[in-house]
Amino acid sequence: MGCHGEREKLEDARAEQKWGYINLGDFKSTSCYSVLSYIILYIFVFISVAVYAVDLFTAANLLFFNRWSGQVKPIIDFKIARWLFAACILLSLVLLVYRWFRALRVIKSGVVVASYLDPLAVRIQSTRGFRRFLVFGALTEGRKGAEYVAFFTYFSFE
C-alpha cells in the first residue's frame, strides 16, 4: 500500500457525487455575508494574480537586467543572490503550474467532494458562478470545531 497504494479513482464516482446531478438553482442566499464573501474571493484572486505578476517582474529584473530593486542590499554576493531569488520565484511558479494541473484534473472529473478538498479547485469553481460558491458554502455550513481542525490540518499538509 504505502503512498502509491490502491486509490479510489475520480472517474469511478457515482452520478450523485457529480456536478451534473446537483440542481444549482436550489442554492439561494438570503444573507449579505455570502455576497460579501464572494466579492472577497474575487479580491483575493486579484491579489494572488498581482503577487505572481510582481514576482515575475522581480525575476526578470534580477536575471535579465541585473537590477536589485530592494533598498536592503544582500549580504552575499549579488551574482549568487540574484540566482537564489530567481530560483525561488521560478520554483513557486512551477509549483503553481502543478497545482493548476491537479485542480483542473479534479474539475474535469466533475466530483463535488474532490473539488471541495482542493483549495484551488474551490476558487476556480467558485469563480464559475455564484451558485457553485453557495454549494461550497453549504458543504462548510454544518461543520463543528473538531471538523474545522481536521480540515485545517488536511489543507495545511496538502
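1. Helix 4 and helix 5 have axes that come within 6 Å and cross at roughly 140°. Axes here are lines fitted to C-alpha atoms over the stretch in contact, with angles from 0 to 180 degrees between N-to-C directions. The two helices are therefore oblique to each other, the class left after under 35 degrees (roughly parallel), over 145 (roughly antiparallel) and 65 to 115 (roughly perpendicular). The model is predicted: local features need pLDDT of at least 70 and side-chain atom pairs pLDDT 80 or more, while totals for chains, interfaces and linings use all residues. Residues are numbered from 1 along each chain as its sequence is written, and side-chain values use heavy atoms, without hydrogens and water.

2. From helix 4, Val 122, Gln 125 and Ser 126 meet Phe 130, Arg 132, Phe 133 and Phe 136 of helix 5 (contact: heavy atoms within 4.5 Å). This contact has four nonpolar, two polar and one charged residues.

3. Helix 1 (residues 32–64) packs against helix 4 (residues 119–127) at about 120°, with axes 11 Å apart. Tyr 38, Leu 41, Tyr 42 and Val 45 of helix 1 meet Arg 123, Ser 126 and Thr 127 of helix 4.

4. Cys 32 is exposed at 58% relative accessible area, and Cys 88 is exposed at 54%; exposed means over 50%.

Conventions. Helices (H or I, at least four residues) and strands (E, at least two) are DSSP runs, numbered from the N terminus. Buried means under 20% relative accessible area, exposed over 50%, partly exposed in between (1.4 Å probe, protein chains only). Ala, Val, Leu, Ile, Met, Phe, Trp, Tyr, Cys and Pro count as nonpolar, Asp, Glu, Lys and Arg as charged, and the others, Gly among them, as polar.
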